[in-house]
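This report is written for a reader who is meeting the structure shown below and would like a careful description of some of its parts and of the whole.

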Amino acid sequence: MIKEKQSKHIELKNIKITDPFWSRICELVRTEVIPYQYEAFNDRIEGAEKSYCVSNFKKAAKVAAALREGKKSPTYPVDKWQYNDENSDKDSFHGFVFQDSDFYKWIEAVGFSLSNHPDGELKKKAQEVIDLICNAQLENGYINTFYTINNPSAAFTNIRDFHELYCFGHLTEGAIAYFNATGERALLDATCRYADLICETFGREEGKKRAYPGHEITEMALVKLYEITGEKKYLDEAKYFIDERGKRPCYFDVERNQETKDGDHVYEQAHLPVREQREAVGHAVRAVYLYSGMADIAKYYGDEELYSACKDLWDSIEKRKLYITGGIGATAHGEAFSFDYDLKNDMAYAETCASIGLVFFARRMAEIYPDSHYHNVAERALFNNILSGMAEDGKSFFYSNLLEINPEACKKDSRKHYVSPVRQKWFGCACCPPNLARIISSLGEYCFAQNEKTIFIHQYVGAQVKADNADFEIKSDYAENGKAEIIVSPKKAINLAVRIPEWSNDFSISCPYEIKDGYAYIKISEKTSVSLDFKPKAKLIKCSNRVRENVGKAALSRGPFIYCIEEIDNGKNLQMLRVNPDGEFLKDGNSIIADGFREKEDSALYYEYKEAEQMPVKIKFIPYHKWANRGENEMSVYFRI
């Protein structure tokens with residue numbers, strides 16, 4: 001690792017987003033999504049699956065109060081992933097065992113929102129939530145409604161499956177975001193008490209559990225806690241979790257009294273020590289959360305071997321396992337990565353959370369070394385797969401983001417039981433909606449970075465920014481026309497490094513520059529205006545012929561957007577459409593109109609080969625993230641050419 005190349009993202013409080021494209025989405029999250037999700041956590045969305053978050057914390061607070069008074073509470077089973085009115089007592093925990101984490105992500109989104117938009121009413125609601133969480137904390141610092149309600153003595157007895165450390169990770173990130181926005185410490189102090197318990201419980205020392213999280217996120221959360229508190233034991237604990245993962249015998253088997261076999265625990269990325277992992281495997285969200293933590297530890301400890309593993313894991317994703325929309329996770333079985341080049345369009349999982357985690361990983365890798373590959377992928381995920389996860393009114397959501405949908409197949413093909421052709425009001429397992437709210441609310445932290453000598457523009461989001469060595473403003477027309485103007489007021493001589501998007505084959509920059517690793521470096525010594533024009537145009541994108549499903553097909557892109565076709569614009573049976581690659585591609589508002597053909601429907605199931613009858617048609621494309629906002633209908637990203 002080259003120390004001089006390392007950077008740190010600019011803090012959200014120093015960024016005011018003014019972007020014409022993203023401001024609308026950020027405002028939607030602030031004014032609609034965050035309030036809507038608060039109602040969902042209180043189980044007040046008609047027709048939506050119940051969350052149980054608020055009711056669980058109320059129950060846990062009562063148990064915690066009873067325990068403080070030396071009273072006993074009834075115990076309930078802790079043997080299932082999901083509890084509901086049919087399979088559990090009304091006074092027991094309800095929901096999935098990781099239900100607390102959704103609440104914590106909401107607090108994090110609120111913290112990010114309050115950083116730039118003070119809102120007394122929202123803060124009051126958040127404070128009520130925080131009081132509820134703090135009241136549910138046990139005397140030893142433990143916070144987890146599942147075990148506190150059902151059986152406190154069973155805490156930390158199923159590290160692999162029941163998500164205590166995962167929930168702690170989201171609690172930590174929520175507490176930090178809220179503290180950064182408001183300066184109020186109650187939740188942060190409660191989190192530190194819980195972190196202290198974790199440090200006392202897990203480690204290599206005699207009497208501690210040599211365990212590590214089943215579902216990762218604790219690792220990068222502990223790094224953040226170290227950054228905000230300066231307590232090195234939190235950083236060391238994160239390193240311990242990274243170093244211990246995958247060692248033999250596997251703790252997940254030790255706590256079950258069983259033998260570890262080769263190939264076990266791929267799902268949790270515990271099949272090998274992390275420095276030996278070179279292929280992205282297993283549950284995709286867990287994987288990218290782990291890889292983000294690995295990158296943090298590699299950076300802080302100067303660990304070249306760990307950094308090398310991170311680079312190989314990144315390449316495994318980007319070069320062999322990434323959907324064109326920025327989605328990852330090709331199979332519903334285990335919500336996991338599949339084998340190389342297995343990227344089925346109509347069976348994709350491409351969970352919203354997984355793309356968000358990929359952006360986390362991208363930012364951390366770029367902060368170790370600024371190569372444009374990382375933020376090219378982050379851009380693809382942000383503009384496409386992540387935005388697809390939320391409806392344009394902010395009140396319904398996708399969990400999976402497929403690249404091809406036939407509504408009839410969703411209803412009649414049992415293999416597609418997880419596929420919905422329309423967004424849902426909420427989910428029993430609701431990890432994606434609050435995750436989406438928190439990344440959109442913190443968008444600025446993924447756009448800009450700095451070190452002593454250089455300011456990095458990773459994403460062209462219009463904003464006013466205060467950096468250590470300069471103030472700068474980005475006036476952006478990037479989403480629409482690929483243009484941006486950067487006005488830099490330096491406090492000393494610096495470099496401005498601007499990313500050259502992978503989709504731009506022809507660009508202009510108004511100042512002298514030198515390109516290195518996909519960034520144009522410009523020397524700035526006085527107030528300077530830099531004009532950028534990346535000249536987007538409609539392009540057909542072919543997929544490797546190693547991806548069997550896409551042989552003979554292409555996708556359409558323009559600038560950062562991937563496009564798709566929908567039945568509502570082009571009629572049923574989208575597979576009968578063929579785009580003329582030599583025809584015109586005309587931009588029409590948000591849409592692109594392409595020349596193409598529609599084949600005549602065959603009357604027989606089989607017949608001797610002959611050229612298909614076809615007629616010329618105009619084919620309408622819309623940005624992928626806008627699909628399914630006009631009702632249930634067919635959709636496809638890839639099409640025949």
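## Pro35 and its surroundings

Not counting residues up to four places away in sequence, Pro35 touches Val29 and Arg30, where contact means heavy atoms within 4.5 Å. Pro35 lies in helix 1; helices (H or I, at least four residues) and strands (E, at least two) are DSSP runs, numbered from the N terminus. With a relative accessible area of 31%, Pro35 is partly exposed, a class that falls between buried, under 20% relative accessible area, and exposed, over 50% (1.4 Å probe, protein chains only). From C-alpha to C-alpha, Pro35 and Ile457 are 32 Å apart in space, and 422 residues separate them in sequence.

## Basis of the description

This is a predicted model, in which local features need pLDDT of at least 70 and side-chain atom pairs count only at pLDDT 80 or more, while totals for chains, interfaces and linings use all residues. Residues are numbered from 1 along each chain as its sequence is written, and side-chain values use heavy atoms, with hydrogens and water left out.

## Gln137 in its loop

Gln137 is found in the loop between helix 4 (120-135) and helix 5 (145-150), and it counts as buried because its relative accessibility is 5%. The side chain of Gln137 reaches the backbone oxygen of Ala190 at 2.9 Å. Leaving aside neighbours within four places in sequence, the residues in contact with Gln137 include Ala64, Arg68, Tyr142 and Ile143, as well as Ala190, Arg193 and Tyr194.

## Helix 16

Helix 16 (residues 432-441) is largely enclosed by the rest of the structure, because 10 of its 10 residues are buried. Among them are Cys432, Pro433, Pro434, Asn435 and Arg438. The buried residues of helix 16 pack against helix 1 (22-41), helix 3 (100-116) and helix 6 (164-182), and also against helix 11 (284-301), helix 13 (352-368) and helix 14 (372-388).

## The protein as a whole

The protein has 18 helices and 24 strands, and the C-alpha trace spans about 80 × 70 × 50 Å along its principal axes. Of the 641 residues in the protein, 60% are buried. Among contacts between residues at least 6 apart in sequence, 70% join residues at least 24 apart.

Conventions:
A polar contact is a pair of N or O atoms within 3.5 Å; within protein, one must be able to donate a hydrogen and the other to accept it, and residues adjacent in sequence count only if both atoms are side-chain atoms.
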